[in-house]
Amino acid sequence: MSCSIRLSTATSAGFPPKRRFPSCGLDAASPLGCGVRFFSATGEDTEAAEISTLIADLPGTCASLQAEPGRQTPSKTRYIAQGQQLLRADNESTDAVKPETAATLLAAFTAALEGCSVVLLSDYAKGLLNGSRAQEFILAARAAGKPVIVDPKGRDFSRYRNATLLKPNLRELAEATSLSVSGAAAQEIAARQLLNHTAAESILVTLGAEGMMLIPANGPAIRFPALAREVYDVSGAGDTVAAVLAAAVGSGASFHDAVEVANIAAGMVVGRAGTAVVSAVEIAEEVRRSQFGYRTPAGAAAKVLSLPDAIERSQTWMQSGLVVGFTNGCFDLLHPGHLRLLETARAHCDRLLVGLNSDQSVKRLKGDSRPVQDEMSRALILASLSCIDGVVIFGEDTPLELIRALRPNLLVKGGEYKPHEVVGAGDVENWGGKLLLVDMIPGWSTTRTVSRMTPLNENSRS
């Protein structure tokens, strides 16, 4: 799991919490599949308390919030009529935070750098990154060898000198350079002046309806056309680009690939009302649609669950008196034996959750040539089956911890196992659940199928 650091002035968005995770561990992942450490300054007010609750409810997210007496935590109130935003009223403090507040946050930020792979500075001009303070955070991150992505604000971009990538929008680019940004050629000239001024490695300019333009310091500019099929609400689109960009870079993606993914995510959120969130599963589904011209059956992506979501659903189902079943496997190339297991499992319970070995887990168990299909492809194929109600990807070699987290009523495995050989069987029986062994169809296995495959030569036709 990659981990990103986000440094920002916290802003209350006014949406309700979904779940509470009191632990600050990063064993759970955010919707983008990474852990997040969040640093910001707030006031001592109801908005700050709401933000603390909201962040505590986010899986895989830890917050270091430094409160200042007398400071107003920024809040935004949007007035909407017939689905369109008419007005926004902001209530905030924009004065620089006190030196002791900045020092405390910088110390916590620096201590967290070792465990993270990328830093995102979101500057909303609310007082945390004023003046030379942005430099203090950038220099600490670069000294630790971490790439720094900055979502900037204001005219003086020298404050962000030595950042890895700057992400201004078109208006911000014009203000920072005092140059015309009318047309692609002028935009590139302005961006390259900004590169020289800040010593950044790349500039990513968001162009609204025209998409994005990536300008590397040592390469030609690359334009990414907007992908939105329908624009409903642009609120939070820039934040989505920054977040997805950071998550992708933190996972090892090149800037080009990270921008492609961020562009896809931006096209998705502007088609939704409010400050929408997109998940890694939804982005993967959109990539498949754009590349291959198809979607998996309706609802399939929604059935690929994070661990916290799976726990919440399992508990809700059981509180409603439903029997929750669980089985697991690599499910690399789905075959009739798999279908027999899954359909039989579903016939013995009301809801079926499937634990799916991650790509790295499959490699450890099956060898470097496996899996044939990546984990997201395998998850979406399983989720498209009507007999499955949820798929959870796990990275361990066995599903024991996943079983203990979900606490299913029924554990299902293939009949080739003896009861004492089934991982988690003792735990399930201890809390009153049952074990079901399903007779398998002879002759079917992914390993056998793979062994029968022969590479196609150059003249072969499928």
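This is a predicted model: local features need pLDDT of at least 70, side-chain atom pairs count only at pLDDT 80 or more; totals for chains, interfaces and linings use all residues.
**Exercise 1.** Find which rings link up with Phe39 into a cluster, and work out which parts of the chain the ring pairs connect.

*Solution.* Step 1: the aromatic pairs number 3. One of them joins Phe39 and Phe109 edge-to-face, with 5.9 Å centre to centre and 75° between the planes. Step 2: Phe39 belongs to strand S2 (residues 35-43) and Phe109 to helix H2 (residues 99-112), so this pair ties together parts 70 residues apart in sequence. Phe39 and Phe109 are both buried. Step 3: Phe109 also pairs with Phe137, again edge-to-face, at 5.0 Å centre to centre and 85° between the planes. That pair links helix H2 with helix H3 (residues 133-143), across 28 residues. Step 4: taken together, the ring pairs make a cluster of Phe39, Phe109 and Phe137.

**Exercise 2.** Check what span helix H6 (residues 237-250) should have, and compare it with the distance between its end C-alpha atoms.

*Solution.* Step 1: H6 has 14 residues, and at 1.5 Å a residue they should span 20 Å. Step 2: the end C-alpha atoms are 20 Å apart, which agrees.

**Exercise 3.** State how many residues of H6 are buried, and describe what follows the helix.

*Solution.* Step 1: 11 of the 14 residues are buried, so H6 is mostly covered. Among them are Ala237, Val241, Leu245 and Val249. Step 2: after H6 comes Gly252, with a positive phi near 105°.

Conventions. Residues are numbered from 1 along each chain as its sequence is written. Side-chain values use heavy atoms; hydrogens and water are left out. Helices (H or I, at least four residues) and strands (E, at least two) are DSSP runs, numbered from the N terminus. The expected span of a helix is 1.5 Å times one less than its number of residues. Buried means under 20% relative accessible area, exposed over 50%, partly exposed in between (1.4 Å probe, protein chains only). Rings of Phe, Tyr and Trp (its six-membered ring) pair if their centres lie within 6.5 Å; planes under 30 degrees apart count as stacked, over 60 as edge-to-face and the rest as tilted.
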